[in-house]
Structure formats: structure tokens, C-alpha cells
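Subject: Structure for you to look at

Hello,

Here is the structure I promised to pass on. Please open it first, then read my notes below.

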Amino acid sequence: MSLQVALFFFFGIGAIASAIGTITRRNPVAAAVNLIVHFFMLAGLYLTLQAQFLAILQILVYAGAIMVLVVFVIMLLNLGNEEALREQFTLRKVLGAAIAAIFMLQLGVLFNATPSQRYLSPKAATLGTAESIGQALFTTYLFPFEAISLLLLAALVGAIILAKRKVE
Amino acid sequence: MNLQSIPFEWYLILAAVLFTIGAVGVVTRRNAIIVFMAIEMMLNSVNLVFISAAQFLGDINGQLFVLFVMAVAAGEAAVGLAIVLALFRNKRTVYVDEVNVLKW
């Protein structure tokens with residue numbers, strides 16, 4: 001087994017295991033830690049695809065910024081365990097899981113039907129660098145780039161207005 | 001030189017599995033914060049599809065899309081968590097099935 005395949009299986013199985021951990025933990029903090037592991041595993045998968053810039057960005061934005069926000073909110077809410085609350089909607093849960101499994105089967109069939117490609121494109125190593133992404137971002141994607149900055153500003157203002165206490 | 005020997009479909013099927021786990025999390029959990037984390041997981045599985053498509057087909061556009069998805073996810077995280085905070089302040093709960101003021 002070559003190193004590439006071994007790394008793919010390590011990161012892939014790690015990602016699936018930590019994803020299952022995230023949605024099954026009772027304690028929200030344990031779920032958050034599992035999700036951080038999940039993001040690191042995905043960053044490793046991006047590296048196996050030779051997308052270095054996005055792998056670093058994944059760690060900075062998701063494991064850094066977003067998860068700090070989530071952990072802060074968990075701390076502010078000071079939640080207990082879910083165990084104390086009664087469990088209900090079991091039929092709904094079973095149905096939801098069954099429909100999700102059917103959906104996954106459909107996706108698998110669809111993806112298997114795509115023409116097989118065993119190797120990365122020869123251009124892949126140059127595509128993943130900050131240079132080529134920056135080049136495309138500030139030429140072809142200049143308008144979406146500016147639009148996304150406006151979106152972030154709107155989200156910033158909206159989050160502050162939603163979260164601040166009422167001042168009388 | 002091509003070092004890679006992992007087929008395209010493996011990445012796509014891995015992404016499908018991760019998306020499904022995220023979807024199951026959204027449907028089955030009651031804690032709004034964990035529902036929120038499962039949504040982030042689904043966004044990430046789509047990112048994996050975008051990046052693998054970009055690298056296997058040799059087209060930069062997929063990676064740019066991932067960049068924009070990340071920016072939208074960051075905005076969504078800020079607004080979503082602010083909504084959870086406001087909800088907790090007004091209703092003293094973060095369990096999604098206990099919030100039913102819009103339901104007749």
C-alpha cells in the first residue's frame with residue numbers, strides 16, 4: 001500500500017469517525033472537540049489533493065475562528081447534559097436516518113457512474129498555491145470577492161444587533 | 001509526475017458519507033448548537049467535492065468556490081450563533097423542539 005493510499009485512509013476514516021462522534025456526543029463541548037478533529041482531518045485530505053492554500057485556510061477559518069465562536073457560545077449558555085431531558089420523536093429519528101441512508105445510496109450510485117479518473121491533473125500542484133488562487137481571485141472573481149466582503153459586513157452588523165442586550 | 005493513485009470516486013463517496021452523517025445530525029439532534037455544527041459538517045463535505053473536482057480536472061474555479069463557501073460559512077456561523085444566544089435569552093432553551101411559537 002503506497003503512502004498516498006495510507007494517508008487517504010487515515011484521514012478519511014478519521015474524518016468519518018469524528019463526524020459520527022460529533023453528532024452522537026451528549027455533551028456539546030465533546031461534540032465541539034470532535035468537530036475540531038474533523039476539520040483537521042479534512043485539512044489533511046485537502047493536502048493529499050495538493051491544495052495547500054485551502055488546507056491552511058481550513059485550519060485557520062474553521063478550526064480557528066468558527067470553532068472558537070462555537071465554544072464561546074457553549075460557555076455563555078452554560079448547558080448541562082441532554083440526558084436529563086426525555087427522549088422523544090424516535091419514529092421521526094428512524095425515518096430521518098432511513099431517508100438519509102437512501103440519499104447516500106443515490107449519491108454513491110451517481111458518483112460511481114462518473115468516468116473514472118485515477119490521477120490528479122498534471123496542473124494540480126500549481127493550482128493549489130496561494131499564487132494561482134490570488135491570481136484568479138483578483139482578476140476573474142474580483143466582483144464576487146467584493147460582494148462577499150459586503151456580505152461579511154452585513155453578517156457582522158446583524159450578529160451584533162441580534163446578540164446585544166436591549167439598551168433602554 | 002503523478003504520485004496520486006487514489007481514484008476520483010473515492011473522494012466523492014467519502015464526501016457523500018460525510019454529508020449524510022451531517023444530514024442525520026441535523027434531523028436527529030435537539031440541541032441547536034449541535035444542529036449548527038452538523039450544518040458546518042455538510043458544508044465541509046461539499047467543499048471536499050469542489051476541491052477534488054478542481055484538482056482532478058485541473059480547473060482552478062472549484063477552489064475559488066471553496067473560498068466563497070468558507071466566507072459564507074463564517075458569516076452564517078456569526079449570525080446563527082447570535083440567533084441561538086437571543087433565543088436562549090428569550091425562551092431559556094436551546095432545544096429546537098421546545099421552540100414552537102411559530103407553530104399553530
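How many helices and how many strands does chain B have? Chain B has three helices and zero strands. Read from the N terminus, its elements run α-α-α. Its radius of gyration is 18 Å, while the globule rule gives 13 Å for 104 residues, so chain B is more spread out than a compact globule. Keep in mind throughout that this is a predicted model.

**Chain B, overall**

The C-alpha trace of chain B spans about 60 × 25 × 25 Å along its principal axes. Of its 104 residues, 62% count as buried. Chain B exposes about 4,000 Å². Carbon and sulfur atoms supply 71% of that area.

Now the contacts inside chain B. Take those between residues at least 6 apart in sequence. Of these, 58% join residues at least 24 apart.

Then the charges. Chain B carries 6 positive and 6 negative side chains. The centres of the two sets lie 20 Å apart.

**Chain A, overall**

What is the secondary structure of chain A? It comes to seven helices and zero strands. Along the sequence the pattern is α-α-α-α-α-α-α.

Chain A has a radius of gyration of 21 Å, whereas a compact globule of 168 residues would have one near 15 Å. Its C-alpha trace spans about 55 × 45 × 25 Å along the principal axes.

Buried residues make up 35% of the 168 residues in chain A. The accessible surface of chain A comes to about 10,200 Å². Carbon and sulfur atoms account for 73% of this surface.

As for charge, chain A has 10 positive and 6 negative charges.

**Where the chains meet**

How many residues of chain B are in contact with chain A? The count is 74, and they touch 86 residues of chain A.

The size of an interface is often given as the accessible area lost when the parts come together. Here the area buried between chain B and chain A is about 7,500 Å². Carbon and sulfur atoms give 73% of it. On the chain B side, Met37(B), Gln55(B) and Met70(B) lose the most area to chain A. Together these three give 9% of what that side buries.

**Two residues with positive phi**

Look next at Gln50(A). It is not a glycine, yet its phi is positive, at about 60 degrees. Where is Gln50(A) found? It is in the loop between helix 2 (28–48) and helix 3 (52–77) of chain A. Its relative accessibility is 25%, so Gln50(A) counts as partly exposed.

Arg92(B) is another case. Its phi is near 60 degrees, a positive value in a residue other than glycine. Arg92(B) lies in the segment after helix 3 (61–91) of chain B. Is Arg92(B) buried or exposed? Its relative accessible area is 59%, and the cut-off for exposed is over 50%. Arg92(B) is therefore exposed.

Ala19(A) sits in helix 1 (residues 3–24) of chain A. Its relative accessible area is 0%. Buried means under 20%, so Ala19(A) is buried.

Which residues does Ala19(A) touch, leaving out those up to four places away in sequence? They are His38(A), Leu18(B), Ile21(B) and Met41(B). Find these in the viewer; the list includes residues of chain B. Ala19(A) and Ala43(A) are 24 residues apart along the chain, and their C-alpha atoms are separated by 14 Å.

Asn34(A) is in helix 2 of chain A. Again leaving out residues up to four places away in sequence, Asn34(A) touches Ser18(A), Gly21(A), Thr22(A) and Arg25(A). Take Thr22(A) from that list. Asn34(A) and Thr22(A) are twelve residues apart in sequence. In space they are 5.3 Å apart, C-alpha to C-alpha.

Best wishes

Technical notes:
Residues are numbered from 1 along each chain as its sequence is written. Chains are lettered from A and ligands numbered from 1 in the order in which they are written. This is a predicted model: local features need pLDDT of at least 70, side-chain atom pairs count only at pLDDT 80 or more; totals for chains, interfaces and linings use all residues. Side-chain values use heavy atoms; hydrogens and water are left out. Helices (H or I, at least four residues) and strands (E, at least two) are DSSP runs, numbered from the N terminus. The radius of gyration is taken over C-alpha atoms; the globule rule is 2.2 Å times the number of residues to the power 0.38. Buried means under 20% relative accessible area, exposed over 50%, partly exposed in between (1.4 Å probe, protein chains only). Contact means heavy atoms within 4.5 Å. Accessible areas come from the Shrake-Rupley method with a 1.4 Å probe; for residues, only the protein chains shown count as cover. Lys and Arg count as positive and Asp and Glu as negative; His and the chain ends are not counted. The place of a charge is taken as NZ of Lys, CZ of Arg, CG of Asp or CD of Glu. Buried area is the accessible area (1.4 Å probe) that two parts lose on being put together, summed over both.
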